[in-house]
Structure formats: C-alpha cells, structure tokens
Amino acid sequence: MNKPNDGVVFTRDWVVELMLDCCGYSAANNLAEKFIIEPSYGRGAFLIPIVKK
C-alpha cells in the first residue's frame with residue numbers, strides 16, 4: 001500500500017541551484033555581503049547548497 005504524500009513536494013537540487021544562480025548567489029561574488037532567507041521546510045534543500053557556496 002502506498003502512503004499518501006499529503007501534498008508535500010520536495011525541491012529538486014537543480015531547481016535550487018538555478019534559483020541561487022539567478023539571484024546572483026555564487027562563489028564568484030562576495031557572499032559575506034549577501035542576505036538570504038532560506039525558504040525550505042523539510043530536508044534543507046536550500047540550506048545545504050547555500051552553506052557549500
């Protein structure tokens with residue numbers, strides 16, 4: 001029996017990377033001068049790539 005996902009949709013890694021690139025959040029910029037609000041709820045789809053950059 002399949003368990004319902006209750007409408008939960010996890011953000012794909014490529015979507016996170018695209019969104020960060022589109023807003024200029026890349027290692028080529030001085031990230032110490034940037035502010036970012038981590039919008040995810042769940043597995044930290046945004047938090048982990050943000051910290052890695």
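This is a predicted model: local features need pLDDT of at least 70, side-chain atom pairs count only at pLDDT 80 or more; totals for chains, interfaces and linings use all residues.

Biologist: OK. How many helices and strands does the protein chain have?
Modeller: There are two helices and zero strands in the protein chain.

Biologist: And what share of the residues is buried?
Modeller: Of the 53 residues in the protein chain, 17% are buried.

Biologist: What about contacts, how many join residues at least 24 apart?
Modeller: Counting contacts between residues at least 6 apart in sequence, 62% join residues at least 24 apart.

Biologist: Now the charged side chains. How many salt bridges are there in the whole structure?
Modeller: A search of the whole structure gives two. As background, side chains of opposite charge can pair when their charged atoms come close.

Biologist: Which residue forms a salt bridge with Glu 17?
Modeller: Lys 53 does, and the closest N and O atoms of the pair are 3.3 Å apart. This pair links distant parts of the chain: Glu 17 sits in helix α1 (residues 13-22), while Lys 53 lies in the segment after α2 (47-52), 36 residues apart.

Biologist: Why does Lys 53 count as partly exposed?
Modeller: Lys 53 counts as partly exposed because its relative accessibility is 29%, and the buried class is under 20% while the exposed class is over 50%.

Biologist: What about Glu 17 and Asp 21?
Modeller: Glu 17 has 31% relative accessibility, so Glu 17 counts as partly exposed. Asp 21 has 46% relative accessibility and counts as partly exposed.

Biologist: Change of topic, the surface. How much area does the protein chain expose?
Modeller: The protein chain exposes about 4,700 Å², and carbon and sulfur atoms supply 59% of that area.

Biologist: Which residues form a nonpolar patch on the surface?
Modeller: Leu 47, Ile 48 and Val 51 form the patch, and together they have about 290 Å² of accessible area.

Biologist: Where is Leu 47 found?
Modeller: Leu 47 is in helix α2. Its relative accessibility is 45%, so Leu 47 counts as partly exposed.

Definitions and conventions:
Residues are numbered from 1 along each chain as its sequence is written. Side-chain values use heavy atoms; hydrogens and water are left out. Helices (H or I, at least four residues) and strands (E, at least two) are DSSP runs, numbered from the N terminus. Buried means under 20% relative accessible area, exposed over 50%, partly exposed in between (1.4 Å probe, protein chains only). Contact means heavy atoms within 4.5 Å. Accessible areas come from the Shrake-Rupley method with a 1.4 Å probe; for residues, only the protein chains shown count as cover. A salt bridge is a side-chain nitrogen of Lys or Arg within 4 Å of a carboxyl oxygen of Asp or Glu. Patches are made of residues with over 30% relative accessible area and no salt bridge: like charges are joined within 9 Å, nonpolar side chains (Val, Leu, Ile, Met, Phe, Trp, Tyr) within 5 Å.
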